[in-house]
Amino acid sequence: METMVCPMGGGATRLYTALTQTLSSSSSLPLPASQLEHHQPADSNLDPDFCQKGSPVCPPDPAQLLRQCDEALKDRPPRFPREFVHFSDGDRSPIRVMQWNILAQALGEGLDSFVQCPLEALSWSRRKYLILEEILTYQPHILCLQEVDHYYDTFQPVLESLGYSSNFCPKPCSPCLDVEDNNGPDGCALFFDHSRFELLDSMDVRLSAMRIPTNQVAVAMLLQCRSTGRRVCVAVTHLKARSGWEWFRSAQGSDLLRHLQNLVQKHCSGPKGGTSSSIPLFICGDFNAIPAEEVYRRFITSPLGLESAYKKLSQDGLTEPEYTTWKIRPTGECCTTLDYIWYSKDTLRVDSVLDMPTEDQIGPNRLPSFSYPSDHLSLVCDFSFKEKE
């Protein structure tokens, strides 16, 4: 199948409006608290299907919540039969990382125009169970999500009750806000298993291109494993969409790498300007970029020593999957690879990778569907630390 770069949502007018309004903004700071508070719901706005009014406690057991999802989805088609492909015995306690653009609810129902997807399949009352089921099925230690517009009312309280700590950074000018009855801006969210990791440092990044603040964001965290003391730096991002903006994505990617290098260097011992390789990196995201793009080359040739985990699925170990997203819009069918899990190849080893569903399993109407809640497939990998020489 021929890979294509497909038209995406969003417009240049919105982008340039945001840029001209925020030229003086700092790219390394989150949104002002006043903007965030506007979209943080009171307890009364927590999702009543998962959280009781007046109590922050949601279903405390993953198995219990998974049964709740199964019951709510009892009339749906079967899940995609995805399996892990194993490459080594690995560590007995690997680090499981999950990357997923979950599709913002406001965009799915309002702006993205999935012409072959029934409206009922796009309803939040259905999709929220499918999204949580996917997360609970794989139970990652590190969870990186994009297009999150139900963080405060659903994902943060539910996953917190299951032992996850998290941070959320909304887009400064989210297209979700143009949709009637929206749930606030979408953005990136990073969750980690609090029993496995301790948070040492974090930052929200408003990505820049040519020193101009943009509408795209990232969340980065420095985590320390509670049992081994080993540290990892994790980042989640969502780069600018649409063909014709390749140079823009490349600039955003370079800005993200610069921020991460500074964060890691800040916590590295040794002389200033020395190597940062002692703290491994995970960088997850919807890059909106095919492997032939400049931003991909910037990551693969970065002095941070990065590699893309999903290349392991190919026979030669050098080729990305044929697709991580497959959708049909009024402009046509789009089947391509845009999503990645990058890792530090000198200090981390890929033990297993979740395979991709086949074309027949996805079905003729593509994604999203009654079987799957997003137009992007989740990526899940198990990693372990390489032995120190």
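Two strands are said to pair when DSSP finds at least two bridges between them. With that in mind, the predicted model can be read from its overall make-up down to single residues.

The chain holds nine helices and 15 strands. Of its 389 residues, 56% count as buried. The accessible surface of the chain comes to about 16700 Å², and carbon and sulfur atoms contribute 49% of this area.

Strands of a sheet pair through backbone hydrogen bonds, in either a parallel or an antiparallel way. Here, seven strands form an open sheet with mixed pairing, and their order is E1-E14-E15-E2-E3-E5-E4. Strand E1 (84-86) and strand E4 (164-170) stand at the edges; each has a single partner strand, so one side of each is left without a neighbour in the sheet. On average, and ignoring direction, neighbouring strands of this sheet are turned by 20° against each other.

Within the sheet, strand E2 (residues 95-101) and strand E15 (residues 379-385) run antiparallel and are joined by five bridges.

Helix H5 (residues 124-138) touches E1, E2, strand E3 (142-148), strand E14 (348-354) and E15, and the direction of H5 makes about 165° with that of E2. Helix H6 (residues 151-161) touches E3, E4 and strand E5 (187-193). The direction of H6 makes about 160° with that of E4.

The peptide bond from Leu367 to Pro368 is cis, with omega near -10°.

Met210 is not a glycine, yet its phi is positive, at about 55°. This residue lies in the loop between strand E6 (197-209) and strand E7 (212-225), and Met210 is exposed, with a relative accessible area of 65%. Arg242, likewise a residue other than glycine, has a positive phi near 85°. The loop that holds Arg242 runs between strand E8 (231-238) and helix H7 (246-266). With a relative accessibility of 32%, Arg242 counts as partly exposed, because that class lies between the limits of 20% and 50%.

Key: Residues are numbered from 1 along each chain as its sequence is written. This is a predicted model: local features need pLDDT of at least 70, side-chain atom pairs count only at pLDDT 80 or more; totals for chains, interfaces and linings use all residues. Side-chain values use heavy atoms; hydrogens and water are left out. Helices (H or I, at least four residues) and strands (E, at least two) are DSSP runs, numbered from the N terminus. Axes are lines fitted to C-alpha atoms, for helices over the stretch in contact, and angles run from 0 to 180 degrees between N-to-C directions. Contact means heavy atoms within 4.5 Å. Buried means under 20% relative accessible area, exposed over 50%, partly exposed in between (1.4 Å probe, protein chains only). Accessible areas come from the Shrake-Rupley method with a 1.4 Å probe; for residues, only the protein chains shown count as cover.
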